Amino acid sequence: MCGIVGVFSHQPVNQLIYDALLLLQHRGQDAAGIATCNGNGFSMYKANGLVRDVFRTRNMRSLPGNSGIGQVRYPTAGSDSAEEAQPFYVNAPFGIILAHNGNLTNWEQLKIEMFKNDRRHINTDSDTEVLLNVLAHEIQQATSGYSLEPATLFQAVAALHRRVRGSYAVVAQIAGYGMLAFRDPFGIRPLCIGFNDGENGVEYMVASESVALDGLGFRFLRDVLPGEAIFIDTDGKLYHQQCADNPSLNPCAFEYVYLARPDSIIDGASVYATRLKMGEYLADKIRAQLSTGEIDVVMPIPDSSRPAALELAHRLGLEYREGFIKNRYIGRTFIMPGQAQRKKSVRQKLNAIGLEFKGKNVLLVDDSIVRGTTSREIVQMAREGGANKVFFASAAPPVVFPNVYGIDMPTRSELIAHGRSDDEVCREITADALIYQDLEALQRSISDVNPALKRFEASCFDGDYITGDISAAYLDRIESARNNPKPAADDAVRSQLNLNLAQID
């Protein structure tokens, strides 16, 4: 999960990109970067940290130009080193900078191909650098002479689609030519485009979520289609073309559950409206499984579960109260390294209002349960606040498989629902009852808002990896790498690369 933005304007764009990244900060808190194009040259600054901490006045002044791209990141491949912050740059052909949201499932194979066949050296363990070099190579292959036409660029994207597997929403800038954006053929990660009628002509913004457009006065134009590429040249003319052979829209269901801001619209479905629907369907299941007369009050785990909890309480005719106050300056717990750190972070992030719990039977509603660390701590906090009974409801189904398409979910053994029944999970989190949303109900929650959405990427719930290249052996390999990190990661990767090349030869 990352947030990306690209802006074409007739005035300096550094401030626009900075402001857009602030609006997308929820999608990545590990690093931030901005690259701008001024004529035929690039300027770039990136570092680890939040947007507000990375950029100072001197950094912004060093980013001239009327077009550019930016990204907020948390790592799903490679390491969390500053050198792997995005965007990435390659100088041939033409000079290209690129940022992406997603995760390439065949990046290791592509890295070997880049070295052996394409004669391109990859310097980091970032799949973004691999993606950039595949794009650069395919542009070079498709180009004759020293000019670059939109048709040639679309030909290169089509070739990239045939080589790359996984999820990717991309913004790129080509020196002297313009801005390119494209989305993987399955449409897993979101990408949309908006425009603004500026004083000197039309301005365009491409972003991960529509909230970035709304917050900066851009009008939403449409979502980028799965497999589609959009190119905006230096004169502001927009070109677009479908570049995939068999595209199909399969948006990530977890975007609607948790990742996206509620005020965004993704692939024609309001995130807020889908979360209200999740509450409706969850209420129906609770009514069937629990005696609602036992429940005194419904409370959300702030913030993303609030719409579902509110609608659930309304549908069941129960009192809705806020029992937890959130410290907004603590990072997300499920992406933090180390169980002890996650447990400590829960107490720092949430504080219970004891008066709201004392002597009551409380139904807590959360967006999802991943490791169960947060859920267990929250149940204990409710009991410490004086709750008589604590029931727990999840607006999402059990998370039982890793997500390999850009969400840094843990290994199967770390997922609390993997290999456990609902009753066993309930005992693990020490709740008096546990109710999960059904997967079919989750999917209906989104389809009800936009009936055109019929299929979803929901592999973390059902184990169905839609790209068709994820096997048990693949999961075993990534889990082994995660559970057995090597002290000298760069040296280990290079050694493995040399070994693989030797085997190929």
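Visitor: Over which residues does pLDDT stay under 50, and how many contacts beyond four places in sequence does the model have there?

Guide: Where pLDDT is low, the predicted coordinates should not be read in detail. In this predicted model, pLDDT stays under 50 over residues 487-505, for which there are 16 contacts beyond four places in sequence. Residues 333-337 also stay under 50, with 19 such contacts.

Visitor: What is the mean pLDDT of the chain?

Guide: The mean is 90, and 91% of the residues reach 70 or more.

Visitor: How many helices and strands are there in the chain, and how does its radius of gyration stand against the globule rule?

Guide: The chain has 18 helices and 22 strands. Its radius of gyration is 23 Å, close to the 23 Å that the globule rule gives for 505 residues, so the chain is as compact as a globular protein of that length. The C-alpha trace spans about 75 × 60 × 45 Å along its principal axes.

Visitor: What share of the residues is buried, and what share of the contacts with a separation of 6 or more comes from residues 24 or more positions apart?

Guide: Buried residues make up 59% of the 505. Of the contacts with a separation of 6 or more, 71% are between residues 24 or more positions apart. The accessible surface is about 19,900 Å², and carbon and sulfur atoms hold 47% of that area.

Visitor: How far apart are the mean positions of the positive and negative charges?

Guide: For 51 positive and 60 negative charges, the mean positions lie 3 Å apart.

Visitor: Now the backbone. Which peptide bond that ends at a proline is cis?

Guide: The bond from Ala92 to Pro93 is cis, with omega near -5°. Pro93 sits in the loop between strand S5 (88-90) and strand S6 (96-104). The bond from Pro302 to Asp303 is cis as well, with omega near 5°, and Asp303 lies in the loop between strand S16 (297-300) and helix H10 (306-316).

Visitor: Where is Asp267, and is this residue buried or exposed?

Guide: Asp267 is in the loop between strand S14 (265-266) and strand S15 (269-270). Its phi is near 50°, a positive value in a residue other than glycine. Asp267 counts as buried because its relative accessibility is 7%, under the 20% cut-off.

Visitor: What is the phi of Thr430, and which residues does Thr430 touch?

Guide: Thr430 has a positive phi of about 65°, although it is not a glycine. Thr430 lies in the loop between helix H14 (422-428) and strand S22 (433-436), and at 28% relative accessibility it counts as partly exposed. Leaving out residues up to four places away in sequence, Thr430 touches Arg376, Val379, Gln380 and Arg383.

Methods
Residues numbered from 1 in each chain as written. Predicted model: local features only at pLDDT ≥ 70, side-chain atom pairs only at ≥ 80, totals over all residues. Heavy atoms only, no water. Helix = DSSP H or I, 4+ residues; strand = E, 2+ residues; numbered from the N terminus. Rg over C-alpha atoms; globule rule 2.2 N^0.38 Å. Buried < 20%, exposed > 50% of the residue type's maximum accessible area, 1.4 Å probe, protein only. Contact = heavy atoms within 4.5 Å. Areas by Shrake-Rupley, 256 points an atom, 1.4 Å probe, with all protein chains shown as cover. Lys, Arg positive; Asp, Glu negative; His and termini not counted. Charge placed at Lys NZ, Arg CZ, Asp CG, Glu CD. pLDDT = per-residue confidence, 0-100.
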